[in-house]
Amino acid sequence: MGKIENRRTRYDLAAILRENRQYLSTYNLFEQQRKAFRDICACRTSELNGHTCYCNSCNYQRQAYNSCRNKHCPKCQFTKQAKWVDKLQSKLLDCKHFHLVLTIPHQLNGLVYLNQKKLYDALFQAAWQAVGKAASNPKFLGAQTGAVAVLHTWTQTMNQHPHIHMIIPSGGLSDDQMEWVPCMNNFLAPKKVISSLFRGVLCQRISQAIEKKQLNIPEHFQWNRIKNDLYKTGWNVNIEKPISGVQAVIKYLGRYTNKVAISNSRITSVENGKVSFSYKDRKRLVSKTMQLDTMEFIRRFMLHILPHNFYKIRYYGILSSANSKTKKEQIVALMETCMPIPEYEGLSAIEVYTLLTGKDVSHCPKCKKGRILCRALPKPET
């Protein structure tokens, strides 16, 4: 994997939150949102204590504060993302892969926001059931396939937009597990079929949950009327042309994993109670700048804080962990390929950072000879 430049930016999400802590007491937030807000504010500050880095050869030393490690913090995802992308190499098959995006209609946004864990789980399950059932149909692939699924909940302007990205091998394992069945003519299944299955499964799960009174219902939300409207239109399912080669798939999927709603590099100005940030206009394929009131900027960011212990990356079918030692090995043998070993497995975050950037932070930047050692700062008295 090539070196990556870790660029610093002038503007910072944490600083915006720290300067507007009144948001916590002004608005009604879920506990996980409150925790993310506090963690990001405290990240790399004295609130989390820290350590002193010093050279064992000269008098160089510097103080560093600890990271919050919250999965929603834009400062804490750099090496984590790289390690996950590296690990993904051992899970993917050496073949072309389809990229699918399955999106729910905006009429469900309010219901989903109030029931995030349950309905995000349902969204994952509906997406996989739709793809798995369509692929197993003898009219199409007629084989057992798999998927890596990633949940995203935002648009480039941070509006609520729940959707699932799926990477699916262009083939599958025959029912007798004796043959690898490739997709013919780069065709997996019709979009209309997957869309219909996706809509049916998700609507059924929502109906069941509402009947059992398992969901918080928004004010003026009439499910039967909304469901009828949802069945009148096709749901948005996009299937892109297969991506060739494992490295190309990894590079592509790496853009979508371990990311947060906005990175610090996209924030272009903070002044007079307003925040400006860059975004991509997908229709016109150009970069633009949007300006929001600071409170609205924070509100949009808070929309995308996920529930506690929620996994936004999941593996299904022949790519699931349950099949990694059985069907996966059988498929590799049938395809006459090999299973790559992750390059960063067992390495520390500092070691991964060194490999990614080419900067060995264990060497003293002053004397160029000594090694940097660390000792924890004493905890402040309470």
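**Fold, cores and Gln 32**

Biologist: What share of the contacts with a separation of 6 or more in the protein chain comes from residues 24 or more positions apart?

Modeller: This is a predicted model. Take the contacts in the protein chain whose separation is 6 or more. Residues 24 or more positions apart account for a share of 72%.

Biologist: Which radius of gyration does the protein chain have, and why does it count as compact as a globular protein of that length?

Modeller: The chain folds into 12 helices and 13 strands. For 382 residues the globule rule gives 21 Å, and the chain's own value is close to that, so it is as compact as a globular protein of that length. Its radius of gyration is 23 Å.

Biologist: What box do the C-alpha atoms fill?

Modeller: The box is taken along the principal axes. Its sides are roughly 70 × 55 × 45 Å.

Biologist: How far apart do the centres of the positive and negative side chains lie?

Modeller: The chain has 57 positive side chains and 27 negative ones.

Biologist: Which element gives the most residues to the largest nonpolar core?

Modeller: That core has 48 residues, with Leu 100, Met 166 and Phe 198 among those with the most contacts inside it. Elements giving two or more residues include β3 (97–103), β5 (160–169) and α7 (191–211). With 12 residues, the top contributor is α6.

Biologist: Is Gln 32 buried or exposed?

Modeller: Gln 32 sits in helix α3 (residues 31–42). Its relative accessibility is 18%, and the cut-off for buried is under 20%. Therefore Gln 32 counts as buried.

Biologist: Which residues does Gln 32 touch, leaving out those up to four places away in sequence?

Modeller: Leu 377 is 345 residues from Gln 32 along the chain, and their C-alpha atoms are separated by 29 Å. The residues that Gln 32 touches lie elsewhere in sequence, beyond four places away. They are Ile 305, Leu 306, Pro 307 and His 308.

How values were computed. Residues numbered from 1 in each chain as written. Predicted model: local features only at pLDDT ≥ 70, side-chain atom pairs only at ≥ 80, totals over all residues. Heavy atoms only, no water. Core = buried A, V, L, I, M, F, W, Y, C linked by side-chain atoms within 4.5 Å. Buried < 20%, exposed > 50% of the residue type's maximum accessible area, 1.4 Å probe, protein only. Helix = DSSP H or I, 4+ residues; strand = E, 2+ residues; numbered from the N terminus. Rg over C-alpha atoms; globule rule 2.2 N^0.38 Å. Contact = heavy atoms within 4.5 Å. Lys, Arg positive; Asp, Glu negative; His and termini not counted. Charge placed at Lys NZ, Arg CZ, Asp CG, Glu CD.
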